[in-house]
Each structure stands twice: as C-alpha cells, then as structure tokens.
There are 2 protein chains.
Amino acid sequence: MSDGAMAPQDLEAALRRIGAERYHHLHPFHKLLHAGKLKRGQVQAWALNRYYYQSRIPAKDASLLARLPTPELRRAWRKRLEDHDGTEPGTGGIARWLKLVEGVGLDRDYVVSTAGLLPATRFAVDAYVNFVRERSVLEAIASSLTELFSPGIIAERVSGMLANYDFITDETLAYFKPRLTQAPRDSDFALAYVKEHARTAEQQEAVQAALRFKCDVLWSQLDALYYAYVDPGHVPPGAFVPADHVRRS
Amino acid sequence: MSDGAMAPQDLEAALRRIGAERYHHLHPFHKLLHAGKLKRGQVQAWALNRYYYQSRIPAKDASLLARLPTPELRRAWRKRLEDHDGTEPGTGGIARWLKLVEGVGLDRDYVVSTAGLLPATRFAVDAYVNFVRERSVLEAIASSLTELFSPGIIAERVSGMLANYDFITDETLAYFKPRLTQAPRDSDFALAYVKEHARTAEQQEAVQAALRFKCDVLWSQLDALYYAYVDPGHVPPGAFVPADHVRRS
C-alpha cells in the first residue's frame, strides 16, 4: 500500500460513509413517502417511475455477467437475474413490482409501456446501465454497493407505507420482503470482491466514485419525482398526470 | 405514401408542432431567466450546467459524422464541429461559453472539471450523445431539429438578460450572436434531409420521436435547475452551491 492505498477495512468504511451521506434514504421524497404524506397519485408516480429502474436491472446485470471471467463469478452474479426475472411467469422482482403497480391502482400495460415515464428517470436509469456496460468490472461491481444500505430503507418504507396508506397492503408490498435477504447476500459478495480487487489508490478512488455515481442515479430519480409531483408539481410534457393531481394555472 | 405516410410539408408541420408544445422556451426556468427574476448564483448554476451540454455537442456531432456516407454530408456536418471547437485556441462556441461562465463570476477550471454539475444534467446530456451514437442516421439528424426553434429563444434570452441583469454584458453573451446565423443554416440542412429521407410512416414516426426525445433532454435540464436552485432549492449532494444560496433548514 505504498502508493497511498487504504487497507480493505478502511475502504469499506469510506464506502459506508458515502452511503451515510448520499444514499436516497436522506431524500425529502423518501421521507414524504414513508411518512404517509403523499397522495395516492403521488405514490402511483413513484411506482410507475421506479418500475423502469426495476425493469432495466437485468439488462445491467446481464451486461456485467457477460464480462465476468470465471464460472464462479458468473454463477454468483446469475442469482441476480433469477431474483429479478424469476424462474417462471409471474415470479421474480419485476413481476412483484408490477403487483405493487396494480395494487396502487395503475394500469399495468400503461406502466410497462413507459409512455408516462419522467424523461429524467429514463436518463438516470439508462446512465446506470451504460455505466455498468462501459466501465471496468471493478467499477461495475462497486456501483451495486448501494445494496449495502437498502435493508434500512426498505424496512422504513414498508412499515411506514403500511401504517400510513389505506390503499397499501402486505400483498402490494410483496416486492420488498425477499429483497431483505437478497440484497445483503448480494452486497456481501460485491463488497468482498471490491475489498479484494481494489488495491491501488487509483482503484480505490474509482470504486468510491462508482458508488457516488450510483447514489446520484437513485437520488436524481427522487429529485425528478419531487419536482414533477410534489406541491406545486411541474409535470413535464407527456408524463403521467395522476387523477388527483392539481394542475397549476 | 400508401402506407399512411405524410407529405414532406405535413411532416415539417408536425415537427414544428412538437417544438411549439415541448421546446424549453415554455419552461418556467427559462421564463425566470430572461425576465431577470434570478439571482446571480442561479444564473451561475445555469451557466455551469449548460456548459456540460455545450462541451459534449462536438462528441455527438463527431459520432454522427463518422457514420455519414458521403463527402457532401460529412462536409456539411463538419461545420458544426468548426462552430463549436473553433479554428484556433480561444475560438468557437465552447470557448465563447466559457467567456459567459467567467462573465457571470464562475471559476473557469471549476466549471470545466464538471465537479459541481447536477447529476441530472450529466444523465440528460449523456443520453443525447448516446442517442445519436446508437440510433439511425435519420433519427440522429432529426434530434438536432430543436435548432429550428432556437433563434426565438436566443433573441428572448439575450434581450431579457441584457435588460434585467447588471452583471450581464454584450461580451458575456457573445456565445449567442453567431448562433443566430449558424442554427438556421444547420436546421435548414437537417430539415431538408429529414423531409427527403423520412418517407414511410414508420420513419416519420421515428423522426418525430427523436425530436420529442431531444425536447425532453433540454426540458429536463431546466427541471433539474429549477428543483435544485429555485426557491426553496434542493441542491443534491456534491453539486454547486452558489455563494448567495439560502440553505434550507
């Protein structure tokens, strides 16, 4: 570590600090969501936009899988595809997200069409897919490390949404329960990989930048939701307008 | 035109309607900017973020140029590279934009570093560069057609900013004057190309979608500026904070 590189445990601490400062559990839209401060139409907008993120996760994982060098690494990463795409029709994270979408009263086909998506959601999610495709395997794996922080936000979201919205049920939120075990399994693997392979100061800076980038991807999606749908609400041309949305004069 | 395609002049009218409904001259941030309703720090945020857009335009034009099939087309498109990158140091649109950046009181190196950029700006601009690289030549050329509408917004912006901000001078706004002749020359060429080559209904729908996409790219950049910097202002982690910015509690 003569080049100024950190010990692996210090790198882990640095990565956890990035999450503590930049993960989207700190975002005002998340706070409104779990505190029950949103109208049904605003929750719909969140579910609709977040669907696009969910739907593109297998594309990002497949492009990384294609570049992993060993059967061991590919087997480990393949679990993510199984988690999201399922093992048969109606299973997997995307199918469960569509149950959430229907549970909050949206038309499934409309959501899948992405016709009402905020352009900023598309740009942020596509930036993530492109990042994973174009950067080093080390950076691509590091960009998944936001999962280190997801059990906390999921617990907060599920308990808050169940307590505060009468249109939200356990079944609607079925997406999240498996994530509480999948995400730690995946982030343990990714963190171990990053700690082992990011040995130079330059590599360690690159993995921190990758995690900051990914935090930006998540954060900017909530920025766009807040700006478009929270009082006063500036819905961009062509995007979803909730039935209960108060149009600005 | 038996497949339901429009006559070329009807396609042009459809494209102009898209601009009338979706071009960012309608955006509330643009209205605040040219009406003199922004503080200096908010104008700085606009200049800083818009710099990234300017800086990536040659990348998008070069990737299209690389795919154009004839010397005639490449010569025509090469003018755009000359306009933006100049013919010698200190000339061209990017250099003129940096004069604007300095004129509003920003540090040039900080802006060029893009350290303070809004992530949403980066994602939107990169989406545009990727669109031009990945889609058909016809769609890539069509996505430039927002220039049909730029002389109007530039005239409004220059007169409004000169009248309303004491820190804005003719010299600061030197970027815009050449654009008043360059943009119509470029958009005349692109429009003629699109009218000639988009003959099927499918191609005509694709060029309209390309123009809507490009309007979204521009619009979402102003969405992000408004959300981050206009009252109350939610600056995302790591982005530029103007000296006169009032932090939220």
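Colleague: Is A5(A) buried, exposed or partly exposed?

Modeller: In this predicted model, A5(A) has 17 other C-beta atoms within 10 Å. A residue counts as buried at 20 or more such atoms and as exposed at 12 or fewer, so A5(A) is partly exposed.

Colleague: Where in chain A does A5(A) lie?

Modeller: A5(A) belongs to the segment that comes before helix 1 (8–22) of chain A.

Colleague: Which residues is A5(A) in contact with, leaving aside its neighbours within four places in sequence?

Modeller: With those neighbours left aside, A5(A) is in contact with R199(A), T200(A), A201(A) and Q204(A).

Colleague: And how many residues apart in sequence are A5(A) and A198(A)?

Modeller: A5(A) and A198(A) are separated by 193 residues in sequence. In space, their C-alpha atoms are 8.9 Å apart.

Colleague: Turning to chain A as a whole, what does its secondary structure come to?

Modeller: Chain A has 11 helices and zero strands. Read from the N terminus, its elements run α-α-α-α-α-α-α-α-α-α-α.

Colleague: Why is chain A said to be as compact as a globular protein of that length?

Modeller: The radius of gyration of chain A is 18 Å, and the globule rule gives 18 Å for 249 residues; chain A is therefore as compact as a globular protein of that length. The C-alpha trace of chain A spans about 60 × 40 × 35 Å along its principal axes.

Colleague: What percentage of the residues of chain A count as buried?

Modeller: Of the 249 residues in chain A, 41% count as buried. As for contacts in chain A with a separation of 6 or more, 79% of them are between residues 24 or more positions apart.

Colleague: Let us move to chain B. How many residues of chain B are in contact with chain A?

Modeller: There are 20 residues of chain B in contact with 20 residues of chain A. On the side of chain B that touches chain A, the elements giving two or more residues are helix 1 (8–22), helix 7 (119–134) and helix 11 (201–229) of chain B. The residues on that side divide into 12 nonpolar, three polar and five charged.

Notes
Residues are numbered from 1 along each chain as its sequence is written. Chains are lettered from A and ligands numbered from 1 in the order in which they are written. This is a predicted model: local features need pLDDT of at least 70, side-chain atom pairs count only at pLDDT 80 or more; totals for chains, interfaces and linings use all residues. Two residues are in contact if their C-beta atoms, placed from the backbone, lie within 7 Å. Helices (H or I, at least four residues) and strands (E, at least two) are DSSP runs, numbered from the N terminus. Ala, Val, Leu, Ile, Met, Phe, Trp, Tyr, Cys and Pro count as nonpolar, Asp, Glu, Lys and Arg as charged, and the others, Gly among them, as polar. The radius of gyration is taken over C-alpha atoms; the globule rule is 2.2 Å times the number of residues to the power 0.38.
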